[in-house]
Amino acid sequence: MDPAIVAVMPDAVEPGAPPVEDGPVPETAGAAPLEESTTHLPPRPDELDRARDRALVEEALRGNLDAFNRLVELYQDMLFGLTVRVVNDRDAAADAVQEAFLSAYRNLSRFRGDSFRSWLTRIALNAATDILRLRKRRPADPFPEWEDESWQPPTNEAEGPEATAVRRSRSVVIAQAMAQITTDQRAAIVLYDVEGYDYQEIADMTGVSLGTVKSRIHRGRLALRDLLSDQMELLRD
Amino acid sequence: MTGEPIRPNEHDLHERLLVVRFATDDELDAAEAARARGLLASCPECAALANDIKAISRATAASLTPSRPRDFRLTPDQAAAARGSRIRRWLGGLTSPGMGSLRPLAGAAVALGLLLVVAAGGIPGFPGTATTRDTAGSAAVSATEEATISTPAEIEGPSNASPAATTAAAATAAAAASVPPPQPVAQGTTMPSVATDAGLPARTPRAQPGNEKTPQEPDASGQSYGEASGSPSEPPKVGLAAGGATDQPTGAPAAARPTSAPVLAPAPAPTTPVNQPQGGSPLALFGLLLGIVGLAVLVLTFVARRATKDPLIR
C-alpha cells in the first residue's frame, strides 16, 4: 500500500484484502450522507480529502481495484443524491451513477484535476443529462415511489415524528417543483444549494460561463418560488 | 362602471431577479444593492419574495433523497470489461494528459520535416521534381567552379592546357545544367548534344555565375580565360562547348556547330563527381524521415482519440 494512502487514509483497503462488505459508508467530509444534510453549505472537501483521492487514484491506476472501490464508497451516496435530483427517477439515477463510475474507471488515466469529486460529479452530470436527452421528455409523474420506504428519512430521536414528517413533506414539494424547471436550472441549483459548489466551479463543471450559471440559478429559484407560492407556509421555518 | 383607471401592479414592474440576487447574497455592486434595499423597503411583495427565496434555498439544501438502491462498487468482471483490451489500454495511454504534448510535438516534427525537405531541394530520388533539376544545376555550378579552381593549378605548370581544361569543365557544367532530370550524367563528360541534337537553341553559359566570372579573371600569363578562348588565334570553342551563344554571334543553329568535347583535348577527370547522387542530401532524408514519423504519430493519436472516446468525458 502506498504510504501516502496510509498517511491520509489509515483505513485504506490493503491490496488483496477481502472486499468491504456493503454497508454504511464511513462519514467523511466529501461523502456526508445527504439524508442528514441540514446545513445550507455542506462541508467542502479540503486538501486532505483531495490528497487522499489522488493517492487512491494512483493506486487504482496501478491496478488496485480495491482502491477505486474505496473511492466509489466515498462518493456513491453523493452522486446518487445529485443524479436523482436531476433525473427525477430512482432507477435512472442508479443507472447514471453506475455509468459514471464505470466511465471514471475506464478513463482514470485522464484525470488531471486536483479534485476527483468535481471530476466525478461532472461525469455523473453528463450521464444524467444523457439519460434525460434520451427520454426527451420530463417524467409526467416524478418520483412515483413517493410512498417507498426508501424515502423515509432516518430515524432521529431528537427530532421527533412531527418534525420528521415536516421534513419529508418539504422534500416532496421541493422535488415536485424541481421536476418542473429546466434541467439546466435544476442541475445548477442542486450543485449550488445542495452540493455546495461555487459559481465558478459549476461553470467549469458544466462548461458554461459564470453569468450563465448565475442566471440559471436565479431564474430557477424564481421559477421555484412561482411554483411553490401556494405552499410556502410549509417551507417557512 | 366606476371609471377608475386600472392601475397595474407595481410589483410586476420591479426587478424580481435583482431581489432574488440580493436575497441569496449574490455579488451586487453598490448601486444594485441600494436599489434592491429600496425595493425591499417599499414593496411588501418584494420583501416576501426575498423571504421565500431564502426559505426555498434552505429547504432545497435540506431536502431528502431516496436512498441508493444498490451498491455501485465495481466487480472484477466489470473492471476487466471496463479496462478493455491491451490495444485499447495502449491507445488510451496515448490520449492521457501525460501525453498531451505528443500531438504538438508530432505536428512540429511534420512541419520541420517538410521544411527540411524543401530546404534541401525536394524529395530525394523523386524524378522530375526540383531535386534532380537543382542537383543538375548545382552540379553545373560546382563543375564550373571546379574548373575555375583547377585551372590555376594547371597554370602553374608549364603546359598551357588550362584553356582546354576550362573549356571542358565549362562544357560539363553547361551540359549538366541542360540534362533532363531522369537521365544520369556521366562524370567528366560533356553532353552538349542534348540541346543541340534537338535543334533547340542552346542556353547561354553567361547565365552561369562561373562563366560570368571566368572571362574577367586573368591567368598567370596575363591573359584572361575569355581572351584565351575568344582570341582570334583560336576558334570560339568555349562558347560552343558551353552550348550557348558565343562571343561571335553566328546565327547558325547550334546543331550545326561542332561540339567542343570531342574536339578539345580530353579534360582531366574532376576530383569530385560532377553530379550529386539523385538520392538526395542527408538533410532531406532526415526531414523526410522526421515528417513521416510525425505524421504517423499524428494519425496514431487521432485514431486513439476516436477509439477511446467516452461520451461522458467531455
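**View 1. Contacts across the fold of chain B.** In chain B, 70% of the contacts with a separation of 6 or more join residues 24 or more positions apart. Please keep in mind that this is a predicted model. Of the 314 residues in chain B, 34% are buried.

**View 2. Secondary structure of chain B.** Here we look at the elements themselves: chain B holds 14 helices and zero strands. Followed from the N terminus, the elements therefore read α-α-α-α-α-α-α-α-α-α-α-α-α-α.

**View 3. Chain B where it meets chain A.** On the chain B side, 41 residues are in contact with 59 residues of chain A. Four helices of chain B, H1 (16-23), H3 (44-61), H4 (76-83) and H5 (86-94), each bring at least two residues to the side that touches chain A. H3(B) gives the most, with ten residues. Sorted by class, this side of chain B has 21 nonpolar, nine polar and eleven charged residues. For the complex, the predictor reports an ipTM of 0.75 and a pTM of 0.57.

**View 4. Confidence along chain B.** A friendly word on how the scores run: the average pLDDT of chain B is 65, and 45% of the residues score at least 70. Over residues 130-263 of chain B, pLDDT stays under 50. For that stretch, the model has 224 contacts beyond four places in sequence.

Technical notes:
Residues numbered from 1 in each chain as written. Chains lettered and ligands numbered in written order. Predicted model: local features only at pLDDT ≥ 70, side-chain atom pairs only at ≥ 80, totals over all residues. Contact = placed C-beta atoms within 7 Å. Nonpolar A, V, L, I, M, F, W, Y, C, P; charged D, E, K, R; others polar. pLDDT = per-residue confidence, 0-100. Buried ≥ 20, exposed ≤ 12 C-beta atoms within 10 Å, placed from the backbone.
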